[in-house]
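Please keep the sequence and the coordinates at hand while going through them.

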Amino acid sequence: MTDPRDAYRKRYAELKERAAAWAAARGSVSVEANPVELDKDVILHRETIPGGWYWSVLVPRGRTLRLINPSGKSSVSALFWNADDTSERFNHADTVKLQWTAKLTQGRLLFSDMGRVLMSITDDTALHHDALVGVSSSATNAAKYSTGGRYSDHRNSRDNFLLAAGKLGLSPRDIGSAITFFAGVRTKAGGAFEWINQAAKPGTYVDLRAEM
């Protein structure tokens with residue numbers, strides 16, 4: 001009797017090979033970058049977010065949100081919801097799985113939990129973003145800043161998400177796994193995580209176009 005799992009494994013391998021071939025072919029095609037300096041006429045709003053703080057914004061379909069890292073020492077953890085139906089939200093796992101890669105850069109998509117595209121990455125000069133490790137929490141900060149049994153009450157991404165979501169009428173159940181831009185994380189051949197020192201450069205940016 002044939003084990004159906006063998007058929008699934010074969011299909012998985014075929015799809016993975018096809019995706020790798022597509023990515024290799026696409027890598028040889030030049031993609032036009034967005035302007036580094038934007039005309040004032042196309043800028044609708046600017047916001048400077050202090051370190052450890054949070055911000056939310058409605059991005060209409062077809063508009064682009066540009067995240068800029070002026071110091072090269074910052075990162076931005078982000079979540080996305082469909083403004084017309086907030087029960088549809090960014091799905092971290094499907095975003096990685098459907099594109100067969102955790103390297104999210106220009107040309108990649110951010111999927112919702114309904115399999116639709118929430119945002120597309122139309123330009124990226126940073127090249128290093130974390131779609132694997134996850135965001136900071138009170139527990140991770142306690143471990144990181146622990147000194148003699150005491151730790152800094154550094155603001156963390158998890159609590160920031162809860163505060164931001166609450167102001168949008170959302171609850172903890174609406175907070176899923178996030179992506180962190182400008183974070184130099186990669187996996188070694190054996191699967192261990194590795195931090196890339198000095199991966200972030202001052203002035204780098206990533207452009208996210210809203211597709212709904």
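Predicted model: local features only at pLDDT ≥ 70, side-chain atom pairs only at ≥ 80, totals over all residues.

1. The side chain of His 92 reaches the backbone oxygen of Ala 131 at 2.5 Å, and His 92 itself is found in helix H2. Once its neighbours within four places in sequence are set aside, His 92 is in contact with Ala 131, Leu 132, Ser 177 and Ala 178.

2. Helix H2 covers residues 92-99, and the loop between this helix and strand E3 (109-111) holds Gly 107. Is Gly 107 buried, partly exposed or exposed? With a relative accessible area of 30%, Gly 107 is partly exposed, because that value lies between the 20% under which a residue counts as buried and the 50% over which it counts as exposed. Although 13 residues separate Gly 107 from Ser 120 in sequence, their C-alpha atoms are 6.9 Å apart in space.

3. The next point concerns the sheet. Four strands form an open sheet with antiparallel pairing, and their order is E1-E9-E4-E3. E1 and E3 stand at the edges with a single partner strand each, so one side of each of them has no neighbour in the sheet. On average, and with direction ignored, neighbouring strands of this sheet are turned by 25° against each other.

4. The pairings can be followed strand by strand across the sheet. E1 and E9 run antiparallel and are joined by six bridges, with Thr 64 standing opposite Arg 209 in E9. Between E4 and E9 the antiparallel pairing extends over five bridges, and Ala 210 in E9 is the bridge partner of Met 119. E3 and E4 also pair in the antiparallel sense, over three bridges, and here Met 119 in E4 is the bridge partner of Leu 110. As for strand E9, six of its seven residues are buried, so this strand is largely enclosed by the rest of the structure.

5. Which residues touch the most other members of the largest nonpolar core? They are Phe 80, Leu 110, Ile 179, Phe 181 and Leu 208, in a core of 26 residues. Two or more residues of this core come from each of strand E1 (64-69), strand E4 (117-124), helix H4 (157-167), strand E6 (179-181) and strand E9 (204-210). In soluble globular proteins, nonpolar side chains tend to be buried together.

6. Ile 179 deserves a separate look when the core is inspected. Leaving aside neighbours within four places in sequence, Ile 179 is in contact with Val 76, Ser 77, Ala 78, Phe 80, Phe 90, Leu 104, Leu 110 and Asp 130. Among these contacts, Phe 80 and Leu 110 are, like Ile 179, listed with the core residues that touch the most other members.

7. The last point is helix H4, in which Ser 157, Asn 160, Phe 161, Ala 164 and Ala 165 are buried. These residues cover an arc of only 130° around the axis, which means that they lie on the same side of H4. The buried residues of H4 pack against strand E2 (76-78). At the start of the helix, a side-chain oxygen of Asn 156 reaches to within 3.2 Å of the backbone nitrogen of Arg 158, while just after H4 a positive phi of about 80° is taken by Gly 169.

Methods
Residues numbered from 1 in each chain as written. Heavy atoms only, no water. Core = buried A, V, L, I, M, F, W, Y, C linked by side-chain atoms within 4.5 Å. Buried < 20%, exposed > 50% of the residue type's maximum accessible area, 1.4 Å probe, protein only. Contact = heavy atoms within 4.5 Å. Arc of directions from axis to C-beta. Polar contact = N/O pair within 3.5 Å; in protein donor to acceptor, adjacent residues only side chain to side chain. Pairing = 2+ DSSP bridges. Axes fitted to C-alpha atoms, helices over the stretch in contact; angles between N-to-C directions.
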